[in-house]
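Okay, hi everyone, let me put this one up on the screen. I'll go through the fold and then the aromatic rings.

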Amino acid sequence: MQKCLWVSLGTAIVLVGAAGCDDAADVLPGEESREARITQIAEAACDRYADTEAGCPGYGTGDDQTYETEEDCQRDFEDRAAELWPASECGSGQINDSRYDVCEERAKAVACSQGVFDAIAALDECSAESVCTDPADK
């Protein structure tokens with residue numbers, strides 16, 4: 001079920017090509033780079049996914065387990081975040097901290113649940129439009 005949610009999220013996203021747009025050098029001191037945020041959200045979501053004491057599936061090969069290993073989970077969430085935040089819209093230094101925090105909480109909820117409503121809310125709260133800022137606004 002969770003695989004279907006991520007596929008649904010992925011199909012709802014229009015991927016903007018961003019080849020050659022590595023702008024990590026443009027990050028101001030104290031700001032997280034796009035790449036660091038992608039890694040951070042994946043780690044948070046996968047830590048939550050592994051939390052079986054909280055009722056999350058945990059890693060394994062059971063029917064209710066989407067990810068066999070932490071690496072599988074990390075790779076999937078990193079790929080999804082990279083799709084949600086194309087470098088052309090969410091370059092380094094363009095991720096709003098408070099909106100990112102809301103998105104991270106949604107990602108953790110999606111990682112632990114199989115709820116369609118959680119996935120829809122995550123898509124809305126984690127979209128580039130919601131999380132990223134226009135450099136002109138800085």
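So, reading along the sequence, the pattern is α-α-α-α-α-α. That's six helices and zero strands, where helices (H or I, at least four residues) and strands (E, at least two) are DSSP runs numbered from the N terminus.

Quick housekeeping: this is a predicted model, so local features need pLDDT of at least 70 and side-chain atom pairs count only at pLDDT 80 or more, while totals for chains, interfaces and linings use all residues. Residues are numbered from 1 along each chain as its sequence is written, and side-chain values use heavy atoms, with hydrogens and water left out.

Of the 138 residues, 41% count as buried, meaning under 20% relative accessible area with a 1.4 Å probe, protein chains only (exposed is over 50%, partly exposed in between).

Now the rings. We have four aromatic pairs: centres of Phe, Tyr or Trp rings (six-membered ring for Trp) within 6.5 Å, with planes under 30 degrees apart called stacked, over 60 edge-to-face, and the rest tilted. Take tyrosine 49 and tyrosine 67: their centres are 5.0 Å apart and the planes sit at 75°, so that's edge-to-face. Tyrosine 49 is in helix 2 (residues 34-49) and tyrosine 67 is in the loop between helix 2 and helix 3 (70-84), so the pair ties together parts 18 residues apart in sequence.

Buried or exposed, tyrosine 49? Buried, at 0% relative accessibility. Tyrosine 67 counts as buried too, at 4%.

And ring pairs link Tyr49, Tyr59, Tyr67 and Phe77 into a cluster.
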